[in-house]
Structures are given as C-alpha cells and as structure tokens.
Amino acid sequence: MNAMRDPAGIPAQPFVFQALMVITWALHIAFVHLSMGAAGLAIYAFHARSAGEHWARLSTSMTKVAKVGVSLLIVLGVAPLLFTQVIYDPQWYTSNVLSGRWALAFIFTLLLAYCLWYVFYESNRARAKRRVGLYAWGALLLFCLDGLIMHALSYQALLPGRWMNWYAPSGVADTRGATLHAIEWARYAFIMGLSVPVIGVFLIAYAHYFSGRRDCDVGYLVFARELGRQIAKWGFLSSIVPMLAWQFDLPPESGLELLPGGWLIVGALAIMGVWMRLPVTKGHGYLPIVASFMIDALLAVWREVIRVRYLKPFGYDIHSYRVHSDTPSMLLFFLTLTGIGGVVGGFYLTLLYRAGRTAGRYNADKPVRYLASGALSILGLWIAAFLAYGVMVSLRDGFN
Ligand code: HEM
C-alpha cells in the first residue's frame, strides 16, 4: 500500500486532510440523511393524500426538499472524495478498480435516479395519478443502490488482506470489476437508516421556521411538528438496533468495541429518542436538528477511527505520508474556504433564511445588504488573486 502512494507526496501535514475529510463527510452524510428521509416521506405522504389536505401539501414540500437536498449531497460528496484520494489513495483506487463496473454504474444510476425524481416533482400535483409514485419509488431505490455502492467502495478499502483473492480468485486474474466484494449490512443499514429520525427532526425545524410567517397555516405546522416528533422518536430508538449489530460485527482483535466512539453513538441515539418522547413545545425549534448533526459528526469521527484501526496491522499510517510543503497553495485553499465559503456562502444562507420567513416580497435589510457587498467584493478579490497566482506560476515555470 505504501508503494502505491503518490510519489509527489502531499502539500501539508496528513492530519490537515484527515480533519477536512471527516468534517466534509459529516456534511455529505447530513444531506444524504435529509434527502433520503425527505424522499421516503414524500412518497409515503403521496400515497396518504386521500387522508387529508395536509398530507398532499407535505408530499409536495418534501419532494422539493429531496430535490434540493440531492444536489447538495452530491456537491458535498466531492470534498471528502478529494480528501480521501489525498491520504487514502492506495485503498480508494484499489477498491474502485476491484469494483470498476459498479463505480461507473454509480454515476449513471445517480443520473437516472435524479431524472426520475424530477419527473415525480413535476407530476406531484393535486389529482396526480397513483402510478406517478412509481417514478419516485424508482428514484429512491436507485439512490439506495448508490449508497450501497459507496458503502462497498468504502468498506472494501478497509480490507487489503482480501484484495488479492478478489483480484485473482484461485490465482486467475478477474479484471472485470463486476462484483461488489464486501458489504457490511449492519453498517449500511445504520448509516442509511438514520435518514428516518433526521427527517423527523427536520420537520420540527421546518414547523418552527414557517411559524414565523404571518401567512402561516397553524394547523398544518402543528401536524408537521407532531408527525416529525413521532418519526424522530421511533427513528432514533430503532436505529440503536443496527448500530449495536455494527458494534458486534467489528473484528474482536481490533479492540474497537472497547473504545468509547461507538457506545457514545448508541447513548446519543437513546437520549435523542427519550427527548423526542417529550411533547414538543415551541421552544424546541432547531435544537433537535443541531443535536442530530452532532450525531453525524460523531459518526464521521468514528468511521475514521475504524479505518485507522483496520489498516494499522497492515503497516499503513497516514502520518508517514511524504510531505512536500506548499504553503501558498494551502493559504489560497484556506482563504477560499473562509472567504468564499464563509462570506459568500454565509450571504446566500442568510438571504435565503430571511426571504423564506417573509410572506410576499422580501426587501433586504441593512445587514443583508452589507453582506451582499462584502460577498461581491470578496468574490472579485478571489477571482483576481486566483488568476494572478496562476499567471505568476505559469510565468515562473515558463522562464525556468
Ligand atoms: C444518492 C447518492 C448517495 C448516497 C445515498 C450516498 C451515501 C453514502 C454512504 C451511506 C456512505 C457511507 C458508506 C460507509 O461508510 O459505509 C457514503 C460515503 C461516501 N460518499 Fe456518498 N452517497 C451518495 C452520493 C455520493 C456522491 C455523488 C459522492 C461524490 C461526489 C459521494 C462521496 C462519498 C464519499 C467520498 C464517501 C466516503 C468514502 C470513504 O470514506 O472512503 N457520495 N456515501
């Protein structure tokens, strides 16, 4: 594995990429949970339309949430993908090559699934035929298949001791990449299953958010909030089962089950479940969704601890990766992250948050106007610095 590392090395200490990978994966999986939960609920509510107007409205709303959520989960999946490829390149590429057809099928099935979801989104109106739901079912199943492919690629990367056997079973090379060689069902079920409680806490936040609008329909918001609480309660408590199954499936020699990480997740799920049993008052607001993101963050750290432990007996340690410090490009990267991500991203988020809470036309207030000017200036500065840096490097290399 060490021989398969990039001989060019990496531009900063490995832990920098490790931390970025964990943080960005937590964001990726948070949107996987939101989108899968919203898609599932949109379908359920679509079939329950006859039970009342609220269900129809919920179905349309959740269809939109899933539509936007999938685009964000894709964008936010790119970041951990890049960071994994920086420090775990031998494992990630080997795993992808061993299941090459699936890695490619991932892209096409995701495209197809998203198209199917759009068809459902366009058709999910009052008096839509029941068969329209088939598009949504098709999309959701394909999304779940994509999650399974991502899981197998991640999991196979942890098992270098079995790679040779997968590559050349009984000594004969099989280069088709036609098989998903290893699936840990408990891990997959737990990670994907968290979508259920997450959509529950999202509904609580959703009801809180729209309760601030003067044209809000109180009856609908109470319905959404109470439904969210019930889903979250059962979702958190039932997630304990696959989480425990995953804990007991960890290899005993790794000593992982003695570490606190997995048990902390079990404890956090139980606490959330008990908390959601209490009647939701207005005060709950956004707290449950923030707490559930903390569980995703804990999961991201725990996955990384598991990876380190699995690879240790094979002598793979990211800290021995060759470092060729490249301070200017790291500086550019972090300035981009804080400047563009923080100020420009912050501007969009604030604008959307405030505009959505206003009934009718929204007129930006002073802080938002300042943020807009700041975002534009930073964007201009960033483009200028990016181009200047590129031109400088090209000129320097041209003269050498
Ligand atoms: C509907 C689409 C998707 C679903 C349901 C999904 C779901 C998942 C799940 C469940 C995992 C965790 C696997 C495990 O640890 O066992 C995962 C990991 C990951 N996903 Fe996604 N994902 C999707 C799309 C994407 C896309 C489009 C990208 C990249 C552009 C991406 C990048 C990643 C990365 C980099 C990892 C971690 C790999 C590692 O740590 O080695 N995912 N995804």
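**Ground rules.** I am working with a predicted model, in which local features need pLDDT of at least 70, side-chain atom pairs count only at pLDDT 80 or more, and totals for chains, interfaces and linings use all residues. Residues are numbered from 1 along each chain as its sequence is written, and side-chain values use heavy atoms, with hydrogens and water left out.

His28 sits in helix H1, residues 14-47. Helices here are DSSP runs of H or I with at least four residues, numbered from the N terminus.

**Largest pocket.** I noted a volume of about 2,400 Å³. A pocket is an open set of points on a 1 Å grid over the protein atoms alone, where a 1.4 Å probe fits, with protein on both sides within 12 Å along at least five of seven lines; lining residues have an atom within 4 Å of a point. Grid points are joined across faces, edges and corners, and the volume is the space filled by probe spheres set on the points. I found 50 lining residues, with Phe31, Leu34, Leu72, Leu349 and Leu352 nearest the centre. Helix H2 gives the largest share, 14 residues. By class, the lining has 34 nonpolar, 10 polar and 6 charged residues. Nonpolar covers Ala, Val, Leu, Ile, Met, Phe, Trp, Tyr, Cys and Pro; charged covers Asp, Glu, Lys and Arg; the others, Gly among them, are polar. Domain 1 (2-325) and domain 2 (326-400) each supply at least three lining residues, with bounds from an automatic or database domain assignment.

**Second largest pocket.** Its volume is about 840 Å³. Of its 38 lining residues, those nearest the centre are Trp25, His28, Gly77, Phe106 and Met150. I counted its lining by class as 26 nonpolar, 7 polar and 5 charged.

**Cysteines.** How many disulfides does the structure hold? I found 0, where a disulfide is a pair of cysteine sulfur atoms within 2.5 Å. For cysteine 115, the closest cysteine sulfur is in cysteine 144, 18 Å away, so the two are too far apart for a bond. Cysteine 115 is partly exposed at 47% relative accessibility, and cysteine 216 is partly exposed at 24%. Partly exposed lies between buried (under 20% relative accessible area) and exposed (over 50%), with a 1.4 Å probe and protein chains only.

How values were computed
Helices (H or I, at least four residues) and strands (E, at least two) are DSSP runs, numbered from the N terminus.
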